[in-house]
Amino acid sequence: TVADKDLLMSADSTYLAGDCDEAAGEEKMTKLWNELNAFRIKWPSKDANQLLMDSGSTDEFRRRVEKLMQAARTEPMPSVYSLQEAMLASGRTDLNNHPGRLVFPWKNVDDMIVLLPGSVLAVTSSASGMGKTCWTMNVSLDEALRGETVLNYQAEISEAEFSNMVCAHVLKRDRNDLTRGDYVEAVDRIKNIRYYVGCNPDLNTSAQVMNLIEKAIKRLSPTVVILDHIHHVCRGTENDITDQARVMQTVKSLAQKYGLKFIVVAQPRKANQQSKGKVVDVSDFKGSESITSGSDGVMILDRPPIRNADPANPPEDAFAPETNIWLKKGRMKGRGKAVAQLMFKGNVSTFYEVVPGLSGIQTGGTA
């Protein structure tokens, strides 16, 4: 009632601590939170009783509740934060050591940028065929091995093709020589990870794809999500650029709403005579500028083409294995440089970090 609300609002401090295990209860708590001058306690489990049972003692329960009250004070009302309380909240440290940041499996790349939950990373290359899908697979599989949950939506390649890449990468064996036994061995090595791959060729619009991704997010609770790639999802519409902008808006919204580290793979513009051989910039992403402007980080893979190849001994790849990873945008830059060098070994679907002072490539690898 109005009288009850007036009484509650007269207190120096009011905390809402209702159940949050059902949609109806969550809706009611949020409504009250908007109406009252109160702080809201968000239980780590379904309710206070569950927390009491999990605590083991009343003293521990009291300690945990006091910690939750402190956390509640950082957000006095929905979508509004107290700067001072947030800065003093426990766990604050330099962002390079933030426990939720996206970690890259190569130190020289990992030092480039800090991407926290809620961030979007856009990835492209100087030309098609340089290994963007392999690169993002390397990143996300390493995250899964670290305990993250990954959802990777593949809009262009099949389940069989992606599985082949992963098996080669995990075992460091030639992807063209894999046997049934190799797949069994690879599965055994990664049996404890939570990694999900989406692929549905029957989805004809970007809205359908993004709807599937959000449903999977709600059901699987991933921490890392990949859309590979945005141009395939948005092709064939009346206005591809408008559609790409709409998808990027949805991606950013999902990243913030669910606390995700979201990677969007994109295609570069087709190189003209003047730009061939040059590293692409953010303005050279194909299609909508919102792909880069809506991202918190932009990385570009660049591999030089192999020239003057020996006709008697043609190369296996049109591009050299040397790969420069360019950081073209970073809202939260790390301690590293704006460019890092990797080597790509395509037959095992793996990028390696170049070891300073040593020739060749690092023999170790992700996974």
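Here are some notes on this predicted model, going from the whole chain down to single contacts.

1. **Ground rules.** Because the model is predicted, local features need pLDDT of at least 70 and side-chain atom pairs count only at pLDDT 80 or more, while totals for chains, interfaces and linings use all residues. Residues are numbered from 1 along each chain as its sequence is written, and side-chain values use heavy atoms, with hydrogens and water left out.

2. **The chain overall.** The protein chain has 13 helices and 11 strands; these are DSSP runs numbered from the N terminus, with helices (H or I) of at least four residues and strands (E) of at least two. Along the principal axes, the C-alpha atoms fill a box of roughly 90 × 50 × 40 Å. Of the 367 residues, 42% are buried (under 20% relative accessible area with a 1.4 Å probe, protein chains only; exposed is over 50%, and partly exposed lies in between). If you take the contacts with a separation of 6 or more, 66% come from residues 24 or more positions apart. Contact here means heavy atoms within 4.5 Å.

3. **The sheet.** Have a look at the open sheet of 9 strands, which runs E5-E4-E6-E7-E3-E8-E9-E10-E11 with mixed pairing. Two strands pair if DSSP finds at least two bridges between them. At the edges sit E5 (194–198) and E11 (350–353), each pairing on one side only. Ignoring direction, neighbouring strands are turned by 25° against each other on average.

4. **An antiparallel pair.** E9 (residues 322–330) and E10 (residues 339–345) pair in the antiparallel sense over 5 bridges. Asparagine 324 stands opposite glutamine 341 in E10.

5. **Helix H12 on the sheet.** H12 (residues 240–258) lies across E3 (119–125), E6 (224–228) and E7 (261–265), and runs at about 135° to E3. Axes are lines fitted to C-alpha atoms, for helices over the stretch in contact, and angles run from 0 to 180 degrees between N-to-C directions. Is glutamine 244 buried or exposed? It is buried, with a relative accessible area of 4%. Leaving aside residues up to four places away in sequence, glutamine 244 touches Ile230, His231, Cys234, Lys286, Gly287, Ser288, Ser290 and Ile291.

6. **H10 against H12.** The axes of H10 (residues 206–220) and H12 come within 11 Å and cross at roughly 10°, which means that H10 is roughly parallel to H12. For the angle words, under 35 degrees is roughly parallel, over 145 roughly antiparallel, 65 to 115 roughly perpendicular, and the rest oblique. From H10, Ser206, Met210, Glu214, Ile217 and Lys218 meet Asp243, Val247, Thr250, Val251, Leu254, Lys257 and Tyr258 of H12. By class, that contact has 6 nonpolar, 2 polar and 4 charged residues (Ala, Val, Leu, Ile, Met, Phe, Trp, Tyr, Cys and Pro count as nonpolar, Asp, Glu, Lys and Arg as charged, and the others, Gly among them, as polar).

7. **H8 against H9.** H8 (residues 159–171) and H9 (residues 180–189) pack at an angle of about 70° with their axes 9 Å apart, so H8 is roughly perpendicular to H9. The contact is made by Ser163, Asn164, Cys167, Val170 and Leu171 of H8 and by Asp182, Tyr183, Glu185, Ala186 and Arg189 of H9. These divide into 5 nonpolar, 2 polar and 3 charged residues.

8. **H3 against H4.** The axes of H3 (residues 48–55) and H4 (residues 58–72) come within 8 Å and cross at roughly 130°, so H3 is oblique to H4. The contact is made by Ala48, Leu51, Leu52, Asp54 and Ser55 of H3 and by Glu60, Phe61, Arg64, Val65 and Leu68 of H4. By class, the residues of this contact divide into 6 nonpolar, 1 polar and 3 charged.
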